[in-house]
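Please look through the sequence and the three-dimensional structure shown below before reading the notes that follow.

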Amino acid sequence: MENYEVIGEIGAGQFGKVVKIKRKSDSKVLVWKQLEYGKMDEKEKSQLVAEVNILREIRHPNVVRYYDRIIDKQNQHIYIIMEYCEGGDLAAFLKNLKKEKETIPEEAIWRIFMQIVLALHEIHHKKIMHRDLKPANIFLDSKNNAKLGDFGLSKKLSDETKFAYTNVGTPYYMSPEQIEENKYNEKSDIWACGCLLYELGALSPPFPATNHLALAMKIKNGKFERLSKQYSDELMRVISWCLQKNSENRPSVDDLLNLPQISMRLREKR
Ligand SMILES: CNC(=O)c1c(C)[nH]c(/C=C2\C(=O)Nc3ccc(Cl)cc32)c1C
């Protein structure tokens, strides 16, 4: 901890505090996420360690970069040192747009969506599923690049801890198979991608509800309002494809990367 200077708390994540810090060696601004592992059982602790070891290998422009971890046995905390994302989380960004009665131009929606699909492509082929893809777990850097953060940690926590930690908000992006208590699979991340794409246009989730039961019914019913006419039919078609109730009918990450709207932008990036 002495290698870092604390600048200040910038958010309370699902699993602990997010603190802005400065690395003393080169004054680089980073963040650390502080987790209290004292409350985890042996299984969760070993899974968290395994997960952090996976995090260390991922180097991708659309995944929040992991730098280091500090284990403070004294007060049973683990500090995960990660990249600072100046733009904060996408949930706050969307909330602000809604308050200002602004919308995101379709061009920007495709760009954010492409970046998240690229991030999913990276973690899926490392056999990691996100399991908690939502605006609060997507962070924006100084160039407004979207980065997937906080992924996987929740996946390895056992149900009671995960429930305890992640039961803070309404699970708007939960897929039908998750409601049926079926196995979560990569296509559940695709469902969440569809919910994200919808929310970037509507500034609210496709299945708004005030309680879990109403939400479950809306998700199983699978119907959602068309976005405003400022958005194209192509955008609506991709949303509908990702939000297919039967996970087999949803696109794979590769199908999404082959969409003209995405592949065209990928070529521009090169
Ligand atoms: C009001 N909070 C913010 O503006 C904010 C800013 C500028 N950055 C963040 C969060 C992160 C940040 O900057 N880097 C991160 C890496 C991993 C995780 Cl899980 C979160 C972050 C936040 C919540």
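Does S247 count as buried or exposed, and at what relative accessibility? S247 counts as buried because its relative accessibility is 15%, where buried means under 20% relative accessible area, exposed means over 50%, and partly exposed lies in between (1.4 Å probe, protein chains only). This is a predicted model, in which local features need pLDDT of at least 70 and side-chain atom pairs count only at pLDDT 80 or more, while totals for chains, interfaces and linings use all residues. Residues are numbered from 1 along each chain as its sequence is written, and side-chain values use heavy atoms, with hydrogens and water left out.

**Overall form**

- The protein has 11 helices and eight strands; helices (H or I, at least four residues) and strands (E, at least two) are DSSP runs, numbered from the N terminus.
- For 270 residues a compact globule would have a radius of gyration near 18 Å, and the protein, with 19 Å, agrees with this; the radius is taken over C-alpha atoms, and the globule rule is 2.2 Å times the number of residues to the power 0.38.
- The C-alpha trace of the protein spans about 55 × 40 × 35 Å along its principal axes.
- Of the 270 residues, 48% count as buried, and the accessible surface of the protein comes to about 13600 Å², of which 50% belongs to carbon and sulfur atoms; accessible areas come from the Shrake-Rupley method with a 1.4 Å probe, and for residues only the protein chains shown count as cover.
- Among contacts (heavy atoms within 4.5 Å) between residues at least 6 apart in sequence, 62% join residues at least 24 apart.

**The loop between α9 and α10**

- S247 lies in the loop between α9 and α10, and, leaving aside neighbours within four places in sequence, S247 is in contact with E177, N185 and K187.
- From S247 to N53 the C-alpha distance is 30 Å, and these two residues are 194 apart in sequence.
- P251 is also found in the loop between α9 and α10, and P251 counts as buried because its relative accessibility is 0%.
- Not counting residues up to four places away in sequence, P251 touches K187, I190, W241, C242 and L256, while the C-alpha atoms of P251 and W191, which are 60 residues apart along the chain, are separated by 9.2 Å.

**A residue in strand β4**

- D68 lies in strand β4, which runs over residues 66-72, and D68 is partly exposed, with a relative accessible area of 31%.
- Apart from neighbours within four places in sequence, D68 is in contact with Y4, Y79, I80 and I81, and the C-alpha atoms of D68 and V49, 19 residues apart in sequence, are 12 Å apart in space.

**Positive phi angles**

- Most residues other than glycine have a negative phi, and most peptide bonds are trans.
- K101, in the loop between α2 and α3, has a positive phi near 55 degrees although it is not a glycine, and K101 is exposed, with a relative accessible area of 76%.
- L203, in the loop between α7 (186-202) and α8 (212-221), is not a glycine either and has a positive phi of about 60 degrees, but L203 is buried, with a relative accessible area of 10%.

**The second largest pocket**

- On a 1 Å grid over the protein atoms alone, a cavity is a set of points where a 1.4 Å probe fits but cannot get out, whereas a pocket is an open set with protein on both sides within 12 Å along at least five of seven lines, and lining residues have an atom within 4 Å of a point.
- About 160 Å³ of space lies in the second largest pocket; grid points are joined across faces, edges and corners, and a volume is the space filled by probe spheres set on the points.
- The lining of this pocket consists of F93, L97, T103, I104, P105, A108, R111, I112, L140 and N144.
- Both α2 (90-99) and α3 (106-124) supply at least two residues of this lining, and α3 gives the most, with three residues.

**Helix α11**

- In helix α11, which covers residues 260-269, the buried residues are Q261, I262, S263, R265 and L266.
- The cover over these buried residues of α11 includes α3, α9 (233-242) and α10 (253-257).
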